[in-house]
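Biologist: Could you walk me through how you read a model like this one? I'd like to go feature by feature.

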Amino acid sequence: MNRFSLEGKVAIVTGSSGLIGKAFCDALKEARAIVVAADINANDDIKKDYYFHYTDITNEDSVKELSDTIINKYGKIDILVNNAAINDMFEDPKATLELSKFENYPLELWEKSLKVNLTGTFICSKIIGKQMLQNKKGSIINIASTYGINAPDQSLYINEAGEQMFFKPPAYSVTKGGVIMLTKFLAAYWGKSGIRVNTLTPGGVENGQDDFFINKYSNKTPLNRMASVEDYKGAIVFLASDASSYMTGANLIVDGGWTAW
Ligand SMILES: NC(=O)c1ccc[n+]([C@@H]2O[C@H](COP(=O)([O-])OP(=O)(O)OC[C@H]3O[C@@H](n4cnc5c(N)ncnc54)[C@H](O)[C@@H]3O)[C@@H](O)[C@H]2O)c1
């Protein structure tokens, strides 16, 4: 079990103030890593438990500043979890159904998702990967989604009254598919240098959705339930640690079987 230990390792988790990011921080800490929480939003829970560093992953200077600060403070970076991402939000909820149709989907939303979900992952991997190269060791974990593997089934977003509430827009799926490919690219590129790069693909987390949605989602999932954030803690420690030392370029799918059907 020593291979799962992260004793003495320095880990950065982006998007650490969010639902899954906080659980990733907790899991890495429980495995004894020193965890740096990086986000554009601080929350009190995170600030209480972790060293928090304001970081905008879409801005190279901001990520460079994060990297320099951590090197000055701890001397190295062993683990990077590229977790920060956005899901499309429409400013006017009444316009959501129309704007979420592919035929109407605003270019600016497409570009915004690309910028955070894909370019942000690229920037953090580039700047922090360069730092890891100096130690000839590192583990980068890119967080994708089942929607980066399978297209959204739009019928999931029909409510109890039979109305389509919105369509899951294209940018989320496309950026998450891109993250899976960026993982493979970097795994191949850095293979000989000691940096491993893997994807963790989570399924949907139960988080205040209505019962009708939860039941529908569960029926589409072989394990017949949505995830809890706890379900991802083992997988992140496994990928971060030497327990996965012969894995790179892989996609660890933790989705209750969603993509098996
Ligand atoms: N929640 C789910 O059901 C689910 C399912 C599959 C995959 N995922 C993936 O898991 C990851 C975490 O999802 P979540 O549900 O915790 O999301 P969340 O919205 O709760 O958290 C995302 C965090 O990213 C931060 N963020 C956004 N833009 C940023 C930027 N430019 N720089 C730095 N931080 C930024 C936000 O402030 C937020 O704290 C995402 O990659 C998401 O795509 C989530």
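Modeller: We'll take the ligand site, then a helix, then a strand residue, then the salt bridges. Keep in mind that this is a predicted model.

Biologist: Let's start with the ligand. Which residues come nearest to the ligand?

Modeller: Start with the shell, then go to individual atoms. Of the 26 residues around the ligand, the nearest are Ile20, Asp39, Asn83, Tyr172 and Lys176. By type, the shell splits into 12 nonpolar, 11 polar and three charged residues. Helix 1 (19-30) and helix 6 (170-190) each give at least two residues to the shell, and helix 1 has the largest share, with three.

Biologist: And which polar side-chain atom lies 2.9 Å from a nitrogen atom of the ligand?

Modeller: That one belongs to Asp56. The backbone takes part too: a backbone N or O atom of Leu19 is 2.9 Å from a ligand oxygen, while a polar backbone atom of Thr55 sits 3.4 Å from a ligand nitrogen. As for cover, the protein hides 82% of the 830 Å² of accessible area that the ligand has on its own.

Biologist: Next, helix 8. How many of its residues are buried?

Modeller: Six of the eight residues in helix 8 (233-240) are buried. They are Lys233, Ala235, Ile236, Val237, Leu239 and Ala240. Their cover includes helix 1 and strands 4, 5, 6 and 7.

Biologist: Pick a residue in strand 6. Is Thr199 buried or exposed?

Modeller: Thr199, which lies in strand 6, is buried, at a relative accessible area of 0%. Its side chain makes a polar contact of 2.7 Å with the side chain of Thr183. Beyond its sequence neighbours, Thr199 also touches Leu239 and Asn142, among others.

Biologist: What about Lys126 and Glu60? How far apart in sequence are the parts that this pair ties together?

Modeller: Their side chains meet at 2.8 Å, N to O. Lys126 is in helix 5 and Glu60 in helix 3, so the bridge ties together parts 66 residues apart in sequence. Both ends are partly exposed: Lys126 at 40% and Glu60 at 35%.

Conventions:
Residues numbered from 1 in each chain as written. Predicted model: local features only at pLDDT ≥ 70, side-chain atom pairs only at ≥ 80, totals over all residues. Heavy atoms only, no water. Near = heavy atom within 4 Å. Polar contact = N/O pair within 3.5 Å; in protein donor to acceptor, adjacent residues only side chain to side chain. Areas by Shrake-Rupley, 256 points an atom, 1.4 Å probe, with all protein chains shown as cover. Helix = DSSP H or I, 4+ residues; strand = E, 2+ residues; numbered from the N terminus. Nonpolar A, V, L, I, M, F, W, Y, C, P; charged D, E, K, R; others polar. Buried < 20%, exposed > 50% of the residue type's maximum accessible area, 1.4 Å probe, protein only. Contact = heavy atoms within 4.5 Å. Salt bridge = Lys/Arg side-chain N within 4 Å of Asp/Glu carboxyl O. Lists of a residue's contacts leave out its neighbours within four places in sequence.
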